[in-house]
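Reader: Could we go through this model together? I would like to begin with its basis and then turn to particular residues.

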Amino acid sequence: MHFEMLYAKIHRARVSDANINYIGSITIDRALCEAVGLLEGMKVDVVNVNNGTRLSTYVLLGESGSGVVCLNGAAARLACVGDVVIIIAYASMTLEEAKVHTPRVAFVDENNRLLQQPKEQ
């Protein structure tokens, strides 16, 4: 049996851009992705704290240190620049893996810069 468990999270990032004309996905600062272990193409949920929407998409790596968090394509309709979002990735794990896994969580400032190295919850 496998369980869908929290793998990683970027907590309370701010949307820096919304590009309706892009094919799809969310572009995230490469440094943030590396800090929590997000890979390009990885499925993530994006929860908008401002309006309550939740969507699933995949990660595109943005320029390292840029602070970019850009919703692309149809997802751009679900957020405004400045909205606060939580970006969540899950992983499928066996019971044994789930018992020992510790998610990596990054807290960021208003410019999407790491406040501290990610904490494992």
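Author: The conversation below covers the basis of the model, its salt bridge, several residues and some strand pairing.

Reader: What kind of model is this, and what pLDDT do local features need?

Author: This is a predicted model, in which local features need pLDDT of at least 70 and side-chain atom pairs count only at pLDDT 80 or more, while totals for chains, interfaces and linings use all residues. Residues are numbered from 1 along each chain as its sequence is written, and side-chain values use heavy atoms, with hydrogens and water left out.

Reader: How many salt bridges does a search of the whole structure find?

Author: The search finds one salt bridge, a term for a side-chain nitrogen of Lys or Arg within 4 Å of a carboxyl oxygen of Asp or Glu. Aspartate 45 and arginine 54 form a salt bridge, with 3.7 Å between the closest N and O atoms.

Reader: Is aspartate 45 buried or exposed?

Author: Aspartate 45 is buried, at a relative accessible area of 12%. Buried means under 20% relative accessible area, exposed over 50%, and partly exposed in between, with a 1.4 Å probe and protein chains only.

Reader: And what about arginine 54?

Author: Arginine 54 counts as partly exposed because its relative accessible area is 49%.

Reader: Which side chain does arginine 54 join through a polar contact of 3.0 Å?

Author: That is the side chain of tyrosine 90. A polar contact is a pair of N or O atoms within 3.5 Å; within protein, one must be able to donate a hydrogen and the other to accept it, and residues adjacent in sequence count only if both atoms are side-chain atoms.

Reader: Where is tyrosine 90 found, and what does it touch?

Author: Tyrosine 90 is found in strand S7; strands (E, at least two residues) and helices (H or I, at least four) are DSSP runs, numbered from the N terminus. Leaving aside neighbours within four places in sequence, tyrosine 90 is in contact (heavy atoms within 4.5 Å) with Glu4, Met5, Leu6, Tyr7, Asp45 and Arg54. Tyrosine 90 is partly exposed, with 35% relative accessibility.

Reader: Switching to asparagine 48: buried or exposed?

Author: Asparagine 48 is buried, with a relative accessible area of 3%, and belongs to strand S4 (residues 43-48). The side chain of asparagine 48 makes a polar contact of 2.9 Å with that of aspartate 83.

Reader: Which strand holds valine 85, and how accessible is it?

Author: Valine 85 lies in strand S7 (residues 84-94). Valine 85 counts as buried because its relative accessibility is 1%. Beyond four places in sequence, valine 85 touches several residues, including Ile10, Val46, Asn48 and Val69.

Reader: How does S3 pair with other strands?

Author: Two strands pair if DSSP finds at least two bridges between them. Four bridges join S3 to strand S6 (residues 69-72) in an antiparallel arrangement, and isoleucine 28 has valine 69 as its bridge partner in S6. Four bridges also join S3 to strand S5 (residues 54-62), running parallel, with isoleucine 26 opposite valine 59 in S5.

Reader: How many residues of S3 are buried?

Author: Five of the five residues in strand S3 (residues 25-29) are buried.
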